[in-house]
Amino acid sequence: EAVLEFEDTALTYRTASGTIEALVGVTAAVPKGCFVSVIGPSGCGKSTLLDIAGGLLAPTSGSARLNGEEIRGPRRTTAMVFQEAALLPWRTVRDNVAFGLEAAGVPKKQRRERADALINLVGLDGFADKHPGDLSGGMRQRVAIARALAVDPEILLMDEPFGALDQQTRMMMGTELTKIWERIRCSVLFVTHDIPEAIALSDEVWVMSQRPARIKERVVIDIPRP
Ligand code: ADP
Ligand code: ADP
């Protein structure tokens, strides 16, 4: 059962100097509860594909569906994590994590409980009352992941979430993300240029061609999870 489906999805950017074909005909689906990574050369269209999934861009032609419904704009139940955590600096870690729950009208006590559970899940016990400025880059990305998970997303979309971290932190965050994912097993589409990272984290890897990109290969990673 697919949660996210692309069907002959194409996207052409229009700029002052002409057009840029980013995607030409992407057909692929993220099975429910699977962790799928997208790899490919820089500039091939990975972010574009993710932005379509998140409803930030509309395909020029073809279709993109979430749980069978055409994606038309961002949804509260689609969570996105980018290279920069973009946390609100004046809010505590807890209130950053609870941000989406406020918008959803969840009462304060429940927001707090849910936020604290997620803060523990991402390994930030004891940091709920700190502010983003007190945290390292890796810790801020953990907060961004907790914030994304707070809304219990239909799909979690991640665009190079560890791209700004040093290599050692990046590897540690990969291990951390696997642990988190094994506890919640939500559907994930994850963009990375790091092939070992993609293989370590994923059930399936989509290899994109040079721009204009299509999916050149779909690789199922058949390593049993612990
Ligand atoms: P990737 O994530 O694989 O690096 P992107 O999806 O960011 O690739 O970009 C795909 C192509 O589309 C690139 O050539 C990029 O320069 C171009 N592109 C991305 N965003 C825009 C935009 N807003 N306007 C015009 N061209 C863009
Ligand atoms: P990525 O890290 O995904 O490769 P880039 O660094 O290529 O992203 O692009 C960063 C931002 O600039 C994105 O918002 C993208 O949409 C935009 N962008 C990229 N290429 C172009 C372009 N040729 N014209 C306009 N905007 C662009």
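**Contacts, ligand shell and cores**

Tutor: Start at T48: its side chain makes a polar contact with the side chain of Y13, at 2.7 Å. A polar contact is a pair of N or O atoms within 3.5 Å; within protein, one must be able to donate a hydrogen and the other to accept it, and residues adjacent in sequence count only if both atoms are side-chain atoms.

Student: What are the ground rules for the model and the numbering?

Tutor: This is a predicted model: local features need pLDDT of at least 70, side-chain atom pairs count only at pLDDT 80 or more, and totals for chains, interfaces and linings use all residues. Residues are numbered from 1 along each chain as its sequence is written, chains are lettered from A and ligands numbered from 1 in the order in which they are written, and side-chain values use heavy atoms, with hydrogens and water left out.

Student: Back to T48. Which element is it in? And is T48 buried or exposed?

Tutor: T48 sits in helix α1. T48 is buried, at 6% relative accessible area. Buried means under 20% relative accessible area, exposed over 50%, partly exposed in between (1.4 Å probe, protein chains only). Helices (H or I, at least four residues) and strands (E, at least two) are DSSP runs, numbered from the N terminus.

Student: What is T48 in contact with, leaving aside neighbours within four places in sequence?

Tutor: L11, Y13, A22, L23 and L57, with those neighbours left aside. Contact means heavy atoms within 4.5 Å.

Student: How many residues of α1 are buried?

Tutor: Seven of its eight, so α1 is mostly covered. The buried ones are K46, T48, L49, L50, D51, I52 and A53. After α1 comes G55, with a positive phi near 75°.

Student: Switching to the ligand. Which residues are around ligand 1?

Tutor: Y13, T15, I20, P41, S42, G43, C44, G45, K46, S47, T48 and R211. The cut-off is a residue heavy atom within 4 Å of the molecule. By class, that shell has four nonpolar, six polar and two charged residues. Here Ala, Val, Leu, Ile, Met, Phe, Trp, Tyr, Cys and Pro count as nonpolar, Asp, Glu, Lys and Arg as charged, and the others, Gly among them, as polar.

Student: How much of ligand 1 does the protein bury?

Tutor: 65% of the 560 Å² that ligand 1 exposes when taken alone. Areas come from the Shrake-Rupley method with a 1.4 Å probe; for residues, only the protein chains shown count as cover. β1 (2-15) and α1 (46-53) are the elements giving two or more residues to the shell. α1 gives the most, with three.

Student: Now packing. Which residues touch the most other members in the largest nonpolar core?

Tutor: V97 and L156, in a core of 37 residues. A nonpolar core is a set of buried Ala, Val, Leu, Ile, Met, Phe, Trp, Tyr and Cys residues joined through side-chain atoms within 4.5 Å. Elements that each supply at least two residues include α2 (93-97), α4 (108-121) and β7 (155-159). α5 gives the most to this core, with eight residues.

Student: And what does V97 contact, beyond four places in sequence?

Tutor: A115, L118, I119, V143, A146, R147 and A150. There is also a second, separate core of 29 residues, including F6, L11, A22 and W206.

Student: Which residues have a positive phi without being glycine?

Tutor: N67 is one, at about 45°. N67 lies in the loop between β4 (61-66) and β5, and is partly exposed at 35% relative accessible area. D152 is another, at about 55°. D152 is in the loop between α5 and β7, and is exposed at 59%.
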